[in-house]
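Me: Please take a close look at the packing in this structure. Go contact by contact, and be brisk.

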Amino acid sequence: DMDDYLTLLYDLYAYGEEHLVSYRIIDDQFHYYLCVTYNNKEVREYRARLKNEGFSDTASYGYLDDFANKLEINSTDNCRKL
């Protein structure tokens with residue numbers, strides 16, 4: 001289930017990267033979801049486990065770091081105050 005969800009977020013990231021949808025629109029509509037996902041303990045542990053098992057940065061959802069950076073989200077954000 002987590003892979004399915006993270007892949008859906010990747011689709012949003014890819015749309016922004018390919019300029020199919022502006023990052024302003026993505027930010028307006030999905031900032032909260034990305035913030036919650038990026039700061040979620042289980043997601044962070046899952047990504048770390050994939051890396052420890054030898055998966056590449058790409059295969060361990062490395063796009064999340066770049067996506068969060070583009071939307072100015074960091075690991076100390078309180079997503080509830082958005």
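**Helix packing and the disulfide**

Reply: Helix H1 (residues 2-17) and helix H3 (residues 41-52) have axes that come within 12 Å and cross at roughly 95 degrees. Axes are lines fitted to C-alpha atoms over the stretch in contact, with angles from 0 to 180 degrees between N-to-C directions. Helices are DSSP runs (H or I, at least four residues), numbered from the N terminus. H1 is therefore roughly perpendicular to H3 (65 to 115 degrees).

The model is predicted: local features need pLDDT of at least 70, side-chain atom pairs count only at pLDDT 80 or more, and totals for chains, interfaces and linings use all residues. Numbering starts from 1 along each chain as its sequence is written, and side-chain values use heavy atoms, without hydrogens or water.

On the H1 side, Met2, Asp3 and Leu6 meet Glu42, Val43 and Tyr46 of H3. Contact here means heavy atoms within 4.5 Å. By class, this contact has four nonpolar, no polar and two charged residues (Ala, Val, Leu, Ile, Met, Phe, Trp, Tyr, Cys and Pro are nonpolar; Asp, Glu, Lys and Arg charged; the others, Gly among them, polar).

Thr37 touches this region too. Thr37 lies in helix H2. Leaving aside neighbours within four places in sequence, Thr37 contacts Tyr5, Leu6, Leu9 and Val43. Thr37 is buried, at a relative accessible area of 4% (buried is under 20%, with a 1.4 Å probe and protein chains only).

H2 also packs elsewhere. The axes of H2 (residues 23-38) and H4 (residues 63-70) come within 10 Å and cross at roughly 125 degrees. H2 and H4 are therefore oblique to each other. H2 passes H4 in a left-handed crossing (the near helix is turned anticlockwise from the far one by less than a right angle). From H2, Tyr23, Ile26, Leu34 and Tyr38 meet Leu64, Asp65, Phe67, Ala68 and Lys70 in H4. By class, that contact has seven nonpolar, no polar and two charged residues.

Next, the covalent link. The whole structure holds one disulfide (cysteine sulfur atoms within 2.5 Å). Cys35 is joined to Cys79, S to S 2.0 Å. The link of Cys35 and Cys79 is left-handed, with -85 degrees about the S-S bond. Distant parts of the chain are linked: Cys35 sits in H2, Cys79 in the segment after H4, 44 residues apart. Cys35 is buried, with a relative accessible area of 0%. Cys79 is buried as well, with a relative accessible area of 10%.

How values were computed:
Helices (H or I, at least four residues) and strands (E, at least two) are DSSP runs, numbered from the N terminus. Angles under 35 degrees count as roughly parallel, over 145 as roughly antiparallel, 65 to 115 as roughly perpendicular and the rest as oblique. Buried means under 20% relative accessible area, exposed over 50%, partly exposed in between (1.4 Å probe, protein chains only).
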